[in-house]
Amino acid sequence: RIHTTLTLLLPCLEWSRNESSVDSLDEDVTVQLLVSELVYPVFVPRVYSCIFSLYALAHEERDELYMIRARSLNRKSALALMQFYGVERHFHPPSESRDEGEDPWKAAVDAFKYISTKLIARQKLQCVKDTFARLGDIARTLAGPQYIMSMDSLMPLFMFIMVRASVPYLGAELQYIEDFSIINADVSGESEFLFQTVKIAFYQITTDKLILDR
């Protein structure tokens with residue numbers, strides 16, 4: 001019973017179940033949904049600061065590297081940063097624009113920043129989804145309502161958003177989401193695709209050897 005309770009609260013632990021049983025799988029998903037909706041909102045706020053401190057310590061080196069590179073890149077104008085990442089030209093701001101209030105991508109940047117204000121993994125994941133939703137809305141506003149964004153277009157644009165947001169302890173945030181999200185309840189389908197996109201962008205920013213040279 002103790003192991004079952006721990007695996008419910010910490011989805012990163014291995015479940016003890018018969019993987020071949022469809023009924024068992026359905027039952028597990030139902031229980032996970034109940035945990036996500038009922039247990040986490042009560043349990044997590046009480047222990048979040050302690051738990052996240054451990055995540056921050058574990059990811060301190062990579063997160064510090066991300067912030068150093070984000071600060072370096074943010075010295076560039078929005079246009080220069082978009083050109084650096086190869087963002088499509090129709091998303092570029094006018095070169096003469098100096099007013100940050102005119103930045104059409106600010107809504108997406110702000111949506112991503114909210115990830116650090118949430119306590120529950122599902123809420124943090126919703127911030128990721130909201131970011132991509134706003135990003136898509138802005139892209140269609142600039143490129144036309146029929147515009148469909150490919151992965152080749154999405155990744156450079158999201159890396160621009162991630163750098164502009166400069167979320168503290170982002171690596172810790174991503175690991176926390178991965179460990180405390182409930183498979184099949186929180187992370188599946190579109191949510192999983194978007195989350196993996198964020199992880200790839202973070203990895204690219206923290207490993208790109210050309211960032212500090214250009």
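1. A quick definition to start: buried means under 20% relative accessible area, exposed means over 50%, and partly exposed is in between (1.4 Å probe, protein chains only). Lysine 199, at 26%, is partly exposed.

2. Some ground rules. This is a predicted model, where local features need pLDDT of at least 70, side-chain atom pairs count only at pLDDT 80 or more, and totals for chains, interfaces and linings use all residues. Residues are numbered from 1 along each chain as its sequence is written, and side-chain values use heavy atoms, with hydrogens and water left out.

3. On the fold: the chain has nine helices and zero strands (DSSP runs, H or I of at least four residues for helices, E of at least two for strands, numbered from the N terminus). Of the 214 residues, 44% are buried.

4. Now the salt bridges (a side-chain nitrogen of Lys or Arg within 4 Å of a carboxyl oxygen of Asp or Glu): the structure holds four. One of them pairs glutamate 173 with lysine 124 at 2.6 Å, N to O. Glutamate 173 sits in helix α8 (residues 170–180) and lysine 124 in helix α6 (residues 121–143), so the pair ties together parts 49 residues apart in sequence. Both ends are buried: glutamate 173 at 2%, lysine 124 at 0%.

5. Lysine 199 also has a salt-bridge partner, glutamate 178, with the closest N and O atoms 3.1 Å apart. Here helix α9 (residues 190–207) supplies lysine 199 and helix α8 supplies glutamate 178, so parts 21 residues apart in sequence are tied together. Glutamate 178 is partly exposed at 37%.
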